[in-house]
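Subject: Handing over the structure

Dear colleague,

I am passing on the structure below, and I would ask you to keep it open on your screen while you read the notes that follow it.

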Amino acid sequence: MKKSQLLAGILSPPIALGGIGAAILINRSWWRLTNNAISDLGKVGLPYNGVMNVPLFISAVLAIYYVTGLFKEVKNPVSKLGIGVFILGLIFLAGIAVFPEGTEPHYHVSWGFFLGGSLGFLIAGAALWLEGRRRFGAFTVLLFTAEVLLARWAFKTFSGVAIAEFIGIFAMIIWHYALLWEKFLKNETPAKARPHRR
C-alpha cells in the first residue's frame, strides 16, 4: 500500500469528526445530542451546513482512497467481499454530504453508510479469523455485537438518533484504526531500533 493511502486512512476520521464537532458548536443553541440526528447539522437551508457536509465528503474520499489500497492487500475472497462492502458504505458516506437532509435520497444513503460500514467490517474481520488472526476476528465480532446492542438501546431510549449514529460511527472508526495498527503499523520497527547484525 502507498504511504499516501495510509496517511489518507489515518486522517479521514479526524476530518469527519472535526466537521461534525464544529457544526455542533455553531448550532449549539438548538441542537441536542438526545433529541436530534447528526444529519440535522447539514440539512438543506441551514446556514453553514457546509461546515459538516464538506468535511464529510473529504473524509469519505480519503477513506475510499485508503480502502482501495487495502482491497489490494488482502488475498482471502471473504476479506475482499468485506472490504468491498465497506467501500460501498463509504460511497454512501459521500452521498450523505451530496444529498443532505431535506433531499429525497438522504434517508437511503444514511442507512447505506451505517449498514455497509458495519457489515463490511464484520465480514472483513471474520475473514481475518479464517486467516489465523483469531484475536482480531474475535475483537471484530465483539465490537459489532456491542455496536448493535448499544445502538438498539439508544434507539429505544432517546427521541433523537444522534447517539445511535455516534455509536455506529465510533465502532467503525475503532475497527478501522485497530486494523491499521494490526496490518500495517504494529510490526514496523524504526531503522535505529533494529538490532545490529555483524
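About 50 Å³ of space lies in the second largest cavity of this predicted model, and you can find the place by looking for the residues that line this cavity, which are L70, V74, S79, I83, A124, L128, W175, L179 and K183. Helix 3, helix 4 and helix 6 are the elements that each give two or more residues to the lining of the second largest cavity, and helix 6 provides the largest share of that lining, with three residues. When the lining residues of the second largest cavity are sorted by class, seven are nonpolar, one is polar and one is charged.

The structure holds two cavities of 30 Å³ or more, and the largest cavity contains about 380 Å³ of space. There are 25 residues in the lining of the largest cavity, and those closest to its centre are A16, L93, F113, I169 and I173. Two or more residues of this lining come from each of helix 1 (3-26), helix 2 (50-73), helix 3 (77-98), helix 4 (106-130) and helix 6 (162-185), with helix 2 giving the largest share, six residues. By class, the lining of the largest cavity is made up of 18 nonpolar, six polar and one charged residues.

Next comes the largest pocket, where about 480 Å³ of space is found. Of the 21 residues lining the largest pocket, W111, F114, A151, F155 and A164 are the closest to its centre. The elements that supply two or more residues to the lining of this pocket are helix 4, helix 5 (134-157) and helix 6, and helix 4 gives the most, with eight residues. The lining of the largest pocket divides into 12 nonpolar, five polar and four charged residues.

On the side of helix 4 the contact is made by F113, F114, G117, S118, F121, A124, G125 and L128, while helix 6 brings E165, G168, I169, A171, M172, W175 and L179. Sorted by class, this contact has 10 nonpolar, four polar and one charged residues.

Which residue forms a salt bridge with E182? The partner of E182 is R133, and the closest N and O atoms of the pair are 3.2 Å apart. Side chains of opposite charge can pair when their charged atoms come close. The pair links distant parts of the chain, as R133 lies in the loop between helix 4 and helix 5 whereas E182 lies in helix 6, and the residues are 49 apart. The count of salt bridges in the model comes to one.

With best wishes

Conventions:
Residues numbered from 1 in each chain as written. Predicted model: local features only at pLDDT ≥ 70, side-chain atom pairs only at ≥ 80, totals over all residues. Heavy atoms only, no water. 1 Å grid on protein atoms, 1.4 Å probe; cavity = no way out; pocket = protein on both sides within 12 Å on 5 of 7 lines; lining within 4 Å. Points joined across faces, edges and corners; volume = space filled by probe spheres on them. Helix = DSSP H or I, 4+ residues; strand = E, 2+ residues; numbered from the N terminus. Nonpolar A, V, L, I, M, F, W, Y, C, P; charged D, E, K, R; others polar. Contact = heavy atoms within 4.5 Å. Salt bridge = Lys/Arg side-chain N within 4 Å of Asp/Glu carboxyl O.
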